[in-house]
Amino acid sequence: MIFVGRDDCELMLQSRSVDKQHAVINYEPATDEHKVKDLGSLNGTFVNDVRIQEQMYFTLKIDDKLRFGYDILSEP
């Protein structure tokens, strides 16, 4: 499991729109699937710009784009 958030997580993001513990990404070897779950964050977790439901795992597919909160990283 990879916890995503601003504080004390495996993947730490420095964004005001990301909660201290925002989401979790989990790999299930039995089904060879990666899943993401929003942990009740204020600003949401998005897959391909669609906000996922809180506290329910969402199965990711190849080329899915994940976003946590509202900040978008821009390229230089």
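**View 1. Ser-17 sits in the loop between strand S2 (11-12) and strand S3 (23-28).** Strands here are DSSP runs (E, at least two residues), numbered from the N terminus. The model is predicted: local features need pLDDT of at least 70, side-chain atom pairs count only at pLDDT 80 or more, and totals for chains, interfaces and linings use all residues. Residues are numbered from 1 along each chain as its sequence is written, and side-chain values use heavy atoms, with hydrogens and water left out. Ser-17 counts as buried because its relative accessibility is 9%, buried being under 20% relative accessible area with a 1.4 Å probe, protein chains only.

**View 2. The side chain of Ser-17 makes a polar contact of 3.1 Å with that of Ser-15.** A polar contact is a pair of N or O atoms within 3.5 Å; within protein, one must be able to donate a hydrogen and the other to accept it, and residues adjacent in sequence count only if both atoms are side-chain atoms. A polar atom of the Ser-17 side chain also lies 2.9 Å from the backbone nitrogen of Tyr-70. Leaving aside residues up to four places away in sequence, Ser-17 touches (heavy atoms within 4.5 Å) His-22, Asn-43, Phe-68, Gly-69, Tyr-70 and Asp-71.

**View 3. Five strands form an open sheet in the order S2-S1-S3-S4-S7, with mixed pairing.** The edge strands, S2 and strand S7 (58-59), each pair on one side only. Two strands pair if DSSP finds at least two bridges between them. Strand S1 (residues 2-5) and S3 run antiparallel and are joined by three bridges. Val-4 stands opposite Ala-23 in S3.

Conventions:
Helix = DSSP H or I, 4+ residues; strand = E, 2+ residues; numbered from the N terminus. Buried < 20%, exposed > 50% of the residue type's maximum accessible area, 1.4 Å probe, protein only.
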